[in-house]
Amino acid sequence: MTDVTRGVGASIPPFDLADPPEEPPDACADLRMWAVARELLAEHEPFEGSCESCGTTDVPCEGSTLAIQGLQVACGVPMATGAFWVHLMQVKGEQDSR
Ligand SMILES: [Zn+2]
C-alpha cells in the first residue's frame, strides 16, 4: 500500500480537501489567509446535506467551495480565485491598521 497523502515534494493539494485541518499545514505560506478561509469554511459546513448559511441543499455550497480554494491559495496553490483572496487579505490588513 502506498500512502498517497505523503507525496514527495510539492504535493498538491497540501492537505485533505474533504477534511481540512484546523491548524495550517507546513505548506501554508499565509497563516492569516488560512484562518480567514477556515472560518468561512466552518460557516458553510453542511449540516444534514444542506448549508444553513446559504440556505441550499446544493452542497458543497459556493461559500464552502470558495473557502476550500482560499485554503489552497494560502498554501501557495494557484487558484482561479487567488487574486480575490490576495485582495481580501489586503483589505483586511488595511482595516486592521486603522
Ligand atoms: Zn454555504
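## Basis of the description

A residue is called buried here if 20 or more other C-beta atoms lie within 10 Å of its own, exposed if 12 or fewer do, and partly exposed in between, the C-beta atoms being placed from the backbone. The structure is a predicted model, in which local features need pLDDT of at least 70 and side-chain atom pairs count only at pLDDT 80 or more, whereas totals for chains, interfaces and linings use all residues. Residues are numbered from 1 along each chain as its sequence is written.

## Overall architecture

The protein chain contains 3 helices and 0 strands, and its elements, read from the N terminus, follow the order α-α-α. Helices (H or I, at least four residues) and strands (E, at least two) are taken as DSSP runs and numbered from the N terminus.

Of the 98 residues of the protein chain, 20% count as buried. Two residues are treated as in contact if their C-beta atoms, placed from the backbone, lie within 7 Å. Among contacts in the protein chain with a separation of 6 or more, 45% are accounted for by residues 24 or more positions apart.

## The pairing of α1 and α2

Helix α1 covers residues 31–43 and helix α2 covers residues 62–74; their axes come within 8 Å and cross at roughly 160°. This angle makes α1 roughly antiparallel to α2, and α1 passes α2 in a left-handed crossing. The axes are lines fitted to C-alpha atoms, for helices over the stretch in contact, and the angles run from 0 to 180 degrees between N-to-C directions. Angles under 35 degrees count as roughly parallel, over 145 as roughly antiparallel, 65 to 115 as roughly perpendicular and the rest as oblique. A crossing is left-handed if the near helix is turned anticlockwise from the far one by less than a right angle, and right-handed if clockwise.

On the α1 side, the contact is formed by Met33, Trp34, Val36, Ala37, Arg38, Leu40, Leu41 and Glu43, which meet Gly63, Ser64, Leu66, Ala67, Ile68, Gly70, Leu71, Val73 and Ala74 of α2. By class, this contact has 12 nonpolar, 3 polar and 2 charged residues, where Ala, Val, Leu, Ile, Met, Phe, Trp, Tyr, Cys and Pro count as nonpolar, Asp, Glu, Lys and Arg as charged, and the others, Gly among them, as polar.

## The nonpolar core

The largest nonpolar core has 11 residues, namely Phe15, Met33, Trp34, Ala37, Ala67, Ile68, Leu71, Val73, Ala74, Cys75 and Trp85. Both α1 and α2 supply at least two residues each, and the largest share, 5 residues, comes from α2. Such a core is a set of buried Ala, Val, Leu, Ile, Met, Phe, Trp, Tyr and Cys residues joined through C-beta atoms within 7 Å. In soluble globular proteins, nonpolar side chains tend to be buried together.

Leaving aside its neighbours within four places in sequence, Ala67 is in contact with Ala37, Leu40, Leu41 and His44, while its C-alpha atom is separated by 9.6 Å from that of Trp85, 18 residues apart along the chain. Phe15, in the segment before α1, counts as buried because it has 22 C-beta neighbours inside 10 Å. With residues up to four places away in sequence not counted, Phe15 touches Pro20, Pro21, Pro25 and Leu71; Phe15 and Gln72, which are 57 residues apart in sequence, are 8.4 Å apart from C-alpha to C-alpha.

Leu41, in helix α1, counts as partly exposed because it has 19 C-beta neighbours inside 10 Å. Not counting residues up to four places away in sequence, Leu41 touches Pro20, Ser64, Ala67 and Ile68, and its C-alpha atom is 9.2 Å from that of Leu71, 30 residues apart in sequence.

Ala42 also lies in helix α1 and is partly exposed, since 13 other C-beta atoms lie within 10 Å. The C-alpha atoms of Ala42 and Glu22, 20 residues apart along the chain, are separated by 9.7 Å.

## Backbone features of the α1–α2 loop

The loop between α1 and α2 holds Glu48, which has a positive phi of about 50° although it is not a glycine. Glu48 is exposed, as 7 other C-beta atoms lie within 10 Å. Pro60 is found in the loop between α1 and α2 as well, and a cis peptide bond with an omega of about -5° joins Val59 and Pro60.
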